[in-house]
Amino acid sequence: MQVPTKTDIRQLSLAELEAFFIAQGDKKFRAKQVYDWLWNKSLKNFDDMTNISLSTREMLKAHFVINHVRVDVMQHSVDGTIKNAVKLHDDKIVESVLIPTEKRITACVSSQVGCSLDCNFCATARLKRMRNLQPDEIYDQVVAIKEEAEQFFQRPLTNIVFMGMGEPLLNYANVLAAIEKITSPEGLGMAPRRITLSTVGIPKMIRRMADEEVKFNLAVSLHSAINETRSRLMPINDKSPLEELAEALVYWYQKTQRRVTYEYVIWQGINDDERHARALVKFCRHIPSKVNIIQYNPIDEGDFRQAAQEAVDMYVRILEENGIVAKVRRSRGQDIDAACGQLANKNEVATLVEKK
Ligand code: SAH
């Protein structure tokens with residue numbers, strides 16, 4: 001016989017928790033108290049819920065567990081960036097990153113363990129997708145970074161980007177549930193406009209977000225506005241080519257009136273010529289947008305090389321001449337493999353190899 005496993009109490013919505021208390025013959029408002037401990041105060045133990053009676057705490061323990069994540073390894077970069085290897089209740093590991101700048105402290109969080117997409121310049125792609133993260137596992141990553149911001153920088157967390165491991169739009173329901181908690185007053189009460197979801201660009205899901213009138217920002221990993229090149233870089237482009245992506249983005253803009261950010265890496269011999277820069281300008285004309293040119297972070301000895309500075313300058317010039325805002329983003333946390341596309345549980349992989 002299989003031993004029944006207890007439910008993670010944080011999988012329940014407030015309404016479900018209220019229904020549970022009523023079914024137990026208890027008061028409905030207890031649910032709100034417990035919910036506040038679980039989310040606003042991020043308690044990890046039923047015993048610490050001091051305004052809940054001992055018998056109720058025992059009753060909760062008999063039904064539920066609190067599956068909290070744990071920061072397993074914390075690494076500090078010379079530039080201040082911090083990378084957390086976060087252990088989940090089933091011992092799987094994801095990574096999240098704290099990025100400090102003069103004005104902001106940004107949390108970069110993961111949405112899946114591994115990733116099912118095969119962008120061939122990204123280290124996470126090598127892990128394949130193991131599972132989706134639960135809303136509380138995403139939320140906990142944010143809380144861990146928020147606490148580190150206060151501890152190491154004496155500053156509040158200001159922004160959140162879904163640019164860690166995984167494709168957020170392939171774990172849509174859980175990512176949205178996490179954002180709901182992050183923005184609700186019972187959770188962290190952060191403004192949605194401080195949150196950015198980054199995606200490879202799945203047209204169907206972009207339309208769905210638009211229909212649901214989400215209030216956070218959208219970033220799309222473009223990397224090329226020419227189908228042939230983009231398909232070589234990101235196989236997803238074969239399934240959803242640029243024309244379809246553009247249509248979905250037009251729909252997004254019509255519904256939300258929110259400008260989109262395109263993430264763009266320039267690689268030597270791949271997209272570092274004027275033809276690609278001009279194609280990007282043309283793509284940007286679909287809707288109001290801006291371009292973040294990201295530096296390539298090497299993940300192996302492979303064929304990808306960061307383009308020369310002249311190519312980056314050429315892109316910026318052509319974009320600006322055409323009235324498109326372009327920002328060149330400096331890479332952060334490269335020394336601890338915390339930069340874009342480098343998240344791949346290297347420590348864990350290293351330990352596994354050592355153990356062999
Ligand atoms: N799956 C989502 C979010 C994760 S990646 C997405 O693709 O948008 C966050 C960003 O880092 C994406 O723009 C991705 O294309 C970029 N990236 C991946 N590998 C990289 C690398 N080696 N160097 C620089 N950027 C990289």
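**Exercise 1.** Determine how many helices and strands the chain has, and compare its radius of gyration with the globule rule.

*Solution.* In this predicted model, the chain has 12 helices and 14 strands. Along the principal axes, the C-alpha atoms fill a box of roughly 70 × 50 × 45 Å.

**Exercise 2.** State what percentage of the residues count as buried, and what share of the exposed area carbon and sulfur atoms supply.

*Solution.* Of the 356 residues, 53% count as buried. The chain exposes about 16900 Å², and carbon and sulfur atoms supply 50% of that area. As a further step, consider contacts between residues at least 6 apart in sequence: 66% of these join residues at least 24 apart.

**Exercise 3.** Classify the aromatic pair formed by Phe20 and Phe21, and decide whether each residue is buried or exposed.

*Solution.* A pair of aromatic rings is described by the distance of the centres and the angle of the planes. A search of the whole structure finds 11 aromatic pairs. One of them joins Phe20 and Phe21, with 5.8 Å centre to centre and 85° between the planes. Planes over 60 degrees apart count as edge-to-face, and the pair of Phe20 and Phe21 is accordingly edge-to-face. For burial, the cut-off is under 20% relative accessible area. Phe20 has 14% relative accessibility, so Phe20 counts as buried. Phe21, at 0%, is buried as well.

**Exercise 4.** Explain why the pair of Phe121 and Trp267 is tilted, and which parts of the chain the pair ties together.

*Solution.* The ring centres of Phe121 and Trp267 are 4.9 Å apart and the planes stand at 45°, so the pair is tilted. Phe121 lies in the loop between β7 (112–113) and β8 (131–132). Trp267 lies in the loop between β12 (260–265) and α10 (274–284). The pair therefore ties together parts that are 146 residues apart in sequence. Phe121 is buried at 11% relative accessible area, and Trp267 is buried at 0%. Finally, Phe121 and Trp267 form one aromatic cluster with Tyr296 and Phe304.

How values were computed. Residues are numbered from 1 along each chain as its sequence is written. This is a predicted model: local features need pLDDT of at least 70, side-chain atom pairs count only at pLDDT 80 or more; totals for chains, interfaces and linings use all residues. Side-chain values use heavy atoms; hydrogens and water are left out. Rings of Phe, Tyr and Trp (its six-membered ring) pair if their centres lie within 6.5 Å; planes under 30 degrees apart count as stacked, over 60 as edge-to-face and the rest as tilted. Buried means under 20% relative accessible area, exposed over 50%, partly exposed in between (1.4 Å probe, protein chains only). Helices (H or I, at least four residues) and strands (E, at least two) are DSSP runs, numbered from the N terminus. The radius of gyration is taken over C-alpha atoms; the globule rule is 2.2 Å times the number of residues to the power 0.38. Contact means heavy atoms within 4.5 Å. Accessible areas come from the Shrake-Rupley method with a 1.4 Å probe; for residues, only the protein chains shown count as cover.
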